[in-house]
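Open the model in your viewer and keep the selection tool at hand. Each stop below says what to select and what is there.

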Amino acid sequence: MPPVAPRSGDSIFANLEHMNAELFTLTYGAIVRQLITDLEEVDEVNKQLDQMGYNIGVRLIDEFLAKSNISRCVDFKETAEVIAKVGFKMFLGVTASVINWDADGTSCSIVLEDNPLVDFVELPDNCQGLHYCNILSGVVRGALEMMHLAAVAGHKIEIKRGFNED
């Protein structure tokens with residue numbers, strides 16, 4: 001039996017249950033607002049958003065692999081492209097671009113062309129330094145670590161060669 005061809009992010013997204021985008025955006029905004037109220041310091045909110053994303057990513061990778069029929073990526077560039085073109089489309093309905101590769105091919109930037117999390121967002125002056133979408137970085141980091149790839153995610157996602165030994 002021939003191997004199953006990988007499905008595109010568009011076809012997977014079309015077959016998944018969807019949440020109203022505005023409800024999702026407003027709910028995420030309410031979570032961020034509550035974190036700001038509870039934690040009071042922007043750096044702590046950034047850490048909490050990253051940790052929440054990480055926890056989501058370690059679980060989301062199973063669904064991604066089960067529904068996408070993606071085979072093992074051959075290199076780091078392909079891994080980043082799959083995240084950008086299939087993963088973000090599958091779960092957020094948006095496409096991302098992979099840019100700014102370093103000479104070694106171990107570091108890049110993934111840029112969302114249309115980020116649904118930032119709709120309706122106005123940050124007050126006391127939130128300078130808040131990485132509002134830090135949850136997305138955590139999701140990517142968590143998913144990659146479950147695939148035994150050490151990753152550092154922030155404004156830039158760095159995929160390191162080798163396996164995570166932790």
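Select Arg141 first. Arg141 is buried, at a relative accessible area of 16%. Buried here means under 20% relative accessible area, exposed means over 50%, and partly exposed is in between (1.4 Å probe, protein chains only). The model is predicted: local features need pLDDT of at least 70, side-chain atom pairs count only at pLDDT 80 or more, and totals for chains, interfaces and linings use all residues. Residues are numbered from 1 along each chain as its sequence is written, and side-chain values use heavy atoms, with hydrogens and water left out.

**Stop 1**

A salt bridge is a side-chain nitrogen of Lys or Arg within 4 Å of a carboxyl oxygen of Asp or Glu. Both residues sit in helix α5, 4 residues apart, about one turn of the helix. Helices (H or I, at least four residues) and strands (E, at least two) are DSSP runs, numbered from the N terminus.

Asp50 belongs to helix α3 and Arg141 to helix α5, so the pair ties together parts that are 91 residues apart in sequence. Is Asp50 buried or exposed? Asp50 is buried, with a relative accessible area of 15%.

**Stop 1: around Asp50**

Stay on Asp50 and show its surroundings. Helix α3 covers residues 42-68, and Asp50 lies in it. Which residues does Asp50 contact, beyond its neighbours within four places in sequence? They are Asn134, Ser137, Gly138 and Arg141. Contact means heavy atoms within 4.5 Å.

Next, draw a distance from Asp50 to Leu136. From C-alpha to C-alpha it is 7.6 Å, while the two are 86 residues apart in sequence.

**Stop 2: a pair along α3**

Select Glu44 and Lys47. They form a salt bridge, and the closest N and O atoms are 3.5 Å apart. Both lie in helix α3, 3 residues apart, about one turn of the helix. Glu44 is partly exposed, at 35% relative accessible area. Lys47 is exposed, at 54%. A search of the whole structure finds 4 salt bridges.

**Stop 3: two positive phi values**

Select Asn69. Most residues other than glycine have a negative phi. Asn69 is not a glycine, yet its phi is positive, near 55 degrees. Asn69 sits in the loop between α3 and α4 (76-92). Its relative accessible area is 30%, so Asn69 counts as partly exposed.

Then jump to His148. His148 is not a glycine either, and its phi is positive, about 65 degrees. Where is His148? Look in the loop between α5 and β3 (151-153). At 45% relative accessibility, His148 is partly exposed.

**Stop 4: Val152**

Move on to Val152, in strand β3. Val152 is partly exposed, with a relative accessible area of 43%.

**Stop 5**

Now pick out Glu113. It is found in the loop between β2 (107-112) and α5 (134-146). At 53% relative accessibility, Glu113 counts as exposed.

**Last stop: the whole chain**

Clear the selection and zoom out. The protein has 5 helices and 4 strands. From the N terminus on, the order is α-α-α-α-β-β-α-β-β. How much of the protein is buried? Of its 166 residues, 40% count as buried. Of the contacts with a separation of 6 or more, 57% are between residues 24 or more positions apart. The accessible surface comes to about 10000 Å², and 53% of it belongs to carbon and sulfur atoms. Accessible areas come from the Shrake-Rupley method with a 1.4 Å probe.
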